[in-house]
Amino acid sequence: MGDPKAFLTIHRKEAGYRPVHDRIHDFGEVEQTLNSGDRRQQASRCMDCGVPFCHWACPLGNKPPEWNDALYRGDWELAYRLLNSTNDFPEFTGRVCPALCEKACVLNLVEHEPTTNREDEAAITEHAFEENYVSIHHPERNGKKVAVIGAGPAGLVAANRLNLAGYLVTVFDKNEDAGGLLRYGIPNFKLNKAVIDRRMGILRAEGIEFKFNQEIDVEHLPGGFDAYVIATGTPQARDLPIPGRDLKGVHFALDMLAQQNRVLAGAEIKPDELVSAKGKDVLVIGGGDTGSDCIGTAHRQGCCSVTQIEIMPKPPVGPDDPQNPWPAWPRTLKTTSSHEEGCVRRWNINTLRFIGKDGRVAGAEVQEVEWQPNPDGGRPAMRAVGKPEVIKADLVLLAMGFLKPQLPQFAPNVFIAGDAVSGASLVVRAMASGRDAAERVRRFLSGEAG
């Protein structure tokens with residue numbers, strides 16, 4: 001390492017977010033960047049810790065010590081080569097990954113000031129594009145064809161790996177453009193879609209064929225291919241079948257998020273189909289990242305207020321989590337940039353029914369609950385406490401996660417990747433799964449054992 005003692009004198013410094021009063025008026029990315037000098041100084045904090053738990057924690061097996069050292073030394077091209085050797089699209093993870101590597105950093109255990117791996121990753125990649133370190137490859141073809149069903153992070157990584165290995169790859173997707181939840185779920189204020197378009201230009205130039213607006217039945221796959229990768233994600237959101245669910249103004253979270261991203265891309269939405277928080281009191285049901293994205297989007301659309309409720313207990317306030325000690329991921333309270341923009345957050349709240357007026361939702365009747373250990377083991381038992389109350393809401397967004405799809409038994413030349421295998425998970429895990437699926441395809445088509 002260039003300076004194995006830098007962590008003793010240099011504190012963690014994050015780029016931070018744009019001011020709230022500025023960022024809530026547009027959909028530009030909220031995160032700022034450090035100058036190159038500060039960024040290299042932050043990279044110097046990555047010490048020679050002997051056992052790199054960051055590498056262990058990353059689903060992709062990224063090697064922060066190596067590329068942080070290259071960054072510290074000013075060799076941005078080497079830093080990118082090292083990063084890209086394990087991560088096909090670091091411009092995505094550098095923006096939206098929760099950075100499992102940072103929670104497993106030795107400096108997080110000792111000082112609670114881990115290295116800024118995610119920000120370093122984003123900075124290295126943007127510098128690589130600016131300096132033309134990202135080159136177009138023209139692989140030698142082997143004559144075999146592979147179809148990838150789904151153009152989300154798992155499908156794109158699988159397609160990229162197979163294409164570079166010489167296969168003719170065709171990607172099918174039901175949407176009008178690539179990215180999956182990167183494009184139609186994650187808001188632009190976290191991931192500008194020009195970042196996806198830039199990568200798509202490279203993938204097309206390298207020979208991958210994309211066919212959009214193609215609703216593929218996975219039980220009747222298109223013919224003419226030697227192998228298939230199913231990367232269709234988890235399209236079915238978890239519903240809340242309670243009285244009043246059919247009232248106007250009660251929507252799945254992605255109804256709003258996907259539509260807003262399409263509007264920003266130039267799509268025209270009919271007035272009666274528009275899901276907008278403008279001038280409304282918004283209730284978000286679900287305490288995860290999707291719910292957080294709804295909060296930020298509601299503010300930018302001009303809502304009056306936002307309340308977020310979660311049926312599970314409030315997570316412990318960090319930085320430590322006694323139930324998941326270092327280097328495991330701590331399940332502690334997470335406050336996002338969207339939460340900072342303003343919302344009421346409540347936990348242990350169960351929704352009993354939606355209340356309507358003239359066919360539209362006007363509120364939700366909720367009740368506080370507590371969770372008790374199940375004497376038979378398994379999931380804790382929920383018990384109602386207190387009296388029901390009504391939360392006023394003109395717009396309700398259901399952000400309670402997604403259901404793992406039930407897929408049929410496939411032929412030996414069909415491989416599954418991403419959330420279609422695991423259920424809803426992280427972008428970085430989907431990318432790792434896509435890479436693994438590509439390797440399984442390669443071994444199958446080359447006749448290797450295993």
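A residue counts as buried when its relative accessible area is under 20%. The model shown in these views is predicted.

**View 1. Helix α4 and its surroundings.** Helix α4 spans residues 64-72 and is largely enclosed by the rest of the structure, because seven of its nine residues are buried. The buried residues are Pro 64, Pro 65, Trp 67, Asn 68, Asp 69, Ala 70 and Leu 71. They pack against α2 (36-43), α3 (53-57), α5 and α9 (117-130). Just after α4 comes Gly 74, with a positive phi of about 90°.

**View 2. The second largest pocket.** This pocket holds about 230 Å³ of space. Its lining is made up of 15 residues, and Asn 84, His 137, Asn 160, Leu 164 and Arg 199 lie nearest its centre. Two or more lining residues come from each of α5 (76-84), α10 (153-164) and α12 (193-205). By type, the lining has six nonpolar, four polar and five charged residues.

**View 3. Pairs of aromatic rings.** A pair of aromatic rings is described by the distance of the centres and the angle of the planes. The model has eight aromatic pairs. In one of them, the ring centres of Phe 210 and Phe 212 are 5.9 Å apart and the planes meet at 15°, so this pair is stacked. Phe 210 and Phe 212 are both buried. Elsewhere, ring pairs join Phe 53, Trp 56 and Trp 326 into a cluster.

**View 4. Arginines over phenylalanine rings.** Arg 245 sits over the face of Phe 252, 5.0 Å from the ring centre. Arg 300 sits over the face of Phe 189, and here the distance to the ring centre is 4.0 Å.

Terms used
Residues are numbered from 1 along each chain as its sequence is written. This is a predicted model: local features need pLDDT of at least 70, side-chain atom pairs count only at pLDDT 80 or more; totals for chains, interfaces and linings use all residues. Side-chain values use heavy atoms; hydrogens and water are left out. On a 1 Å grid over the protein atoms alone, a cavity is a set of points where a 1.4 Å probe fits but cannot get out, and a pocket is an open set with protein on both sides within 12 Å along at least five of seven lines; lining residues have an atom within 4 Å of a point. Grid points are joined across faces, edges and corners, and a volume is the space filled by probe spheres set on the points. Helices (H or I, at least four residues) and strands (E, at least two) are DSSP runs, numbered from the N terminus. Ala, Val, Leu, Ile, Met, Phe, Trp, Tyr, Cys and Pro count as nonpolar, Asp, Glu, Lys and Arg as charged, and the others, Gly among them, as polar. Buried means under 20% relative accessible area, exposed over 50%, partly exposed in between (1.4 Å probe, protein chains only). Contact means heavy atoms within 4.5 Å. Rings of Phe, Tyr and Trp (its six-membered ring) pair if their centres lie within 6.5 Å; planes under 30 degrees apart count as stacked, over 60 as edge-to-face and the rest as tilted. A charge sits over a ring if NZ of Lys or CZ of Arg is within 6 Å of the ring centre and within 35 degrees of the ring normal.
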